[in-house]
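Visitor: I would like to learn how to read a structure feature by feature. Could we go through one together?

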Amino acid sequence: MSLQQEFVSPTSRRTTLMGKVKALVTGLLNTAGEALQGERVTQMYPEEHYDPYPRWRGRHVLRRHENGLEKCVGCALCAAACPAHCIRVIAGENTDTHRISEGERYAEVYEIHMLRCIFCGYCVEACPTEALGMTGEYELASFSREAQLYGKERLLEATPANTAEMTGS
C-alpha cells in the first residue's frame, strides 16, 4: 500500500460544499435566534452588584477565636500547599506576657501576593486550625501593585466585641 492511499478519506465521510454551507447557515440561525430571544445577561456594574455563588472563593481572611486571639499558629502549611507560591509566613514565638495566638507560635509575618494568587482554595484546605478562609468579596482592584500585597493587618478580621462572658465580669 502506498502512502497516498493511506491518507485518502473514504468518500462516505466527505462533505459537499452544500453540506458545509447548510451547517454554517444553521449555526448562524441558532445564534441569531438566541441573541434576539435570549435573556439579558449584562449587568450595569457598579450600579448593579453581582451576588456570587455561596461557594465563591474571593478575598482571603485570617480568623480569630472568640477571645480575640488569632487562630493562625504560623505553621506555614498554607504556603506549602499554594501552587502559585504567593503566601509568605514567618513564625514568631508566643510568650506569657505577649500572647498573639493560643499555640506556642504565631504568624509574625503573613503576606499574600494577590496578583499571583489563583484563588484555588488549597491554602484554606491545608490549614489545620481553620485560621484561613475566603470571603465572597470580589472587588479587589487597585491602582498600584503594592496595594495587592495583603499583609497580616489587612487580612485579619476585626476583633470580636468584648462581652461579659469574655472578660469574666
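Guide: Gladly, and we start with accessibility: a residue is buried under 20% relative accessible area, exposed over 50% and partly exposed in between, using a 1.4 Å probe and protein chains only. This is a predicted model, in which local features need pLDDT of at least 70 and side-chain atom pairs count only at pLDDT 80 or more, while totals for chains, interfaces and linings use all residues. Residues are numbered from 1 along each chain as its sequence is written, and side-chain values use heavy atoms, with hydrogens and water left out.

Visitor: Is Asp-96 buried or exposed?

Guide: Asp-96 is exposed, because its relative accessible area is 77%. Across the protein, 26% of the 169 residues count as buried.

Visitor: How many helices and strands are there?

Guide: Helices (H or I, at least four residues) and strands (E, at least two) are DSSP runs, numbered from the N terminus. The protein has six helices and five strands, and along the sequence they follow the pattern α-α-β-α-β-β-α-β-β-α-α.

Visitor: Let us turn to charges. How many salt bridges does a search of the whole structure find?

Guide: A salt bridge is a side-chain nitrogen of Lys or Arg within 4 Å of a carboxyl oxygen of Asp or Glu. The search finds four. One of them joins the side chains of Lys-152 and Glu-70, at 2.9 Å from N to O. Lys-152 belongs to helix H5 (residues 152-155) and Glu-70 to the loop between strand S1 (60-62) and helix H3 (77-81), so this pair ties together parts 82 residues apart in sequence. Both Lys-152 and Glu-70 are buried.

Visitor: Which residue forms a salt bridge with Arg-88?

Guide: That is Glu-111, and the closest N and O atoms of the two are 3.1 Å apart. Here too the pair links distant parts of the chain, with Arg-88 in strand S2 (residues 87-93) and Glu-111 in strand S3 (residues 105-113), 23 residues apart. Arg-88 counts as partly exposed because its relative accessibility is 42%, and Glu-111 is partly exposed at 22%.

Visitor: Which residues form a nonpolar patch on the surface?

Guide: Patches are made of residues with over 30% relative accessible area and no salt bridge; like charges are joined within 9 Å, and nonpolar side chains (Val, Leu, Ile, Met, Phe, Trp, Tyr) within 5 Å. The areas come from the Shrake-Rupley method with a 1.4 Å probe, and for residues only the protein chains shown count as cover. In this structure Leu-17, Val-21, Val-25 and Leu-29 form such a patch, with about 390 Å² of accessible area together. Val-25 sits in helix H2 (residues 17-37) and counts as partly exposed, at 41% relative accessibility.

Visitor: How do I read empty space inside a protein?

Guide: Rolling a probe the size of a water molecule over the atoms shows where empty space is left. On a 1 Å grid over the protein atoms alone, a cavity is a set of points where a 1.4 Å probe fits but cannot get out, and lining residues have an atom within 4 Å of a point. Grid points are joined across faces, edges and corners, and a volume is the space filled by probe spheres set on the points.

Visitor: What is the volume of the largest cavity?

Guide: About 90 Å³; the search of the whole structure finds two cavities of 30 Å³ or more. The largest is lined by 16 residues, and Cys-72, Cys-75, Cys-78, Tyr-110 and Cys-127 lie nearest its centre.

Visitor: My last topic is the backbone. What should I look for?

Guide: Most residues other than glycine have a negative phi, and most peptide bonds are trans. In this model a cis peptide bond joins Tyr-45 and Pro-46, with omega about 10°, and Pro-46 lies in the loop between H2 and S1. Ala-76, in the loop between S1 and H3, has a positive phi near 65°. His-85 also has a positive phi, near 55°, and is placed in the loop between H3 and S2. His-85 counts as exposed, because its relative accessibility is 59%.

How values were computed. 1 Å grid on protein atoms, 1.4 Å probe; cavity = no way out; pocket = protein on both sides within 12 Å on 5 of 7 lines; lining within 4 Å.
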